[in-house]
Amino acid sequence: MDIRQITPTYAVSPQIAPDDCAAIADAGFKAIICNRPDMEITPDCQAAAIESAAKAAGLGFTVLPLTHQTMNAENVAAHRAAIDAAGGPVLAYCASGTRSSIAWSLGQAGDMASDDIIEATGKAGYDLRGLHPQLEMIAAQKS
């Protein structure tokens, strides 16, 4: 596993396996968000397999597959709601962690300064500087 902390309560990762769920729980996470569509991976690591292992490890699990086409305001809000409802640290995963980082970033726009969002994801290895104008636009709409 390659868990990358964005904040003390939110981390992202590339694809995880069912066998990783016990270690994720042991690391203090309370929930997992799957941002990877099943069509991208083999059945052994699809959402149902991860969900079963996550629940066996005592973790909450949310399936919210994201693509370029589905990275919209409704799904960003659902992602934020899943984080807020988790009751503790959340690990979100996709193919590389980028989509999970983008969804978090868009969900924080207007609540955190855009530069702080970009800095947090950058420290985790995700260069989202190109997202800055969109973060600013969302923040302006929330004002």
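Guide: In this predicted model, helices α4 and α6 pack at an angle of about 35 degrees. Their axes lie 8 Å apart. On the α4 side, the contact uses Ser105, Leu106 and Gly107. On the α6 side, Gln134, Leu135, Ile138 and Lys142 take part. By type, the contact residues of α4 with α6 are three nonpolar, three polar and one charged.

The largest pocket comes next. Its space is about 160 Å³. Leu106 and Gly107, which belong to the α4 contact, also line this pocket. So do Gln134, Ile138 and Lys142, which α6 brings to the contact. The lining also includes Gln141. Helix α3 (73-85) joins in: α3, α4 (98-108) and α6 (132-142) each supply at least two residues of the lining. By type, the lining holds six nonpolar, four polar and two charged residues.

Now the sheet. Five strands form an open sheet with mixed pairing. The order is β1-β2-β5-β3-β4. The edges are β1 (4-7) and β4 (60-63), each pairing on one side only. Neighbouring strands are turned by 25 degrees against each other on average, direction ignored. Helix α2 (residues 47-56) packs on this sheet. Helix α2 touches β3, β4 and β5. The direction of α2 makes about 165 degrees with that of β4.

Go along the sheet from β1. A hairpin of two residues joins β1 to β2. These two strands pair in the antiparallel sense, over three bridges. Threonine 7 has tyrosine 10 of β2 as its bridge partner.

Strand β2 (residues 10-13) is covered on both faces. Tyr10 and Val12 lie on one side, Ala11 and Ser13 on the other, and all are buried.

On the way to β5, the sense is parallel: β2 and β5 pair over four bridges. Serine 13 stands opposite tyrosine 93 in β5. Strand β5 (residues 90-93) also runs parallel to β3 (residues 31-34), and four bridges join the two. There, isoleucine 33 faces alanine 92 of β5.

Conventions. Residues numbered from 1 in each chain as written. Predicted model: local features only at pLDDT ≥ 70, side-chain atom pairs only at ≥ 80, totals over all residues. Heavy atoms only, no water. Pairing = 2+ DSSP bridges. Axes fitted to C-alpha atoms, helices over the stretch in contact; angles between N-to-C directions. Contact = heavy atoms within 4.5 Å. 1 Å grid on protein atoms, 1.4 Å probe; cavity = no way out; pocket = protein on both sides within 12 Å on 5 of 7 lines; lining within 4 Å. Points joined across faces, edges and corners; volume = space filled by probe spheres on them. Nonpolar A, V, L, I, M, F, W, Y, C, P; charged D, E, K, R; others polar. Buried < 20%, exposed > 50% of the residue type's maximum accessible area, 1.4 Å probe, protein only.
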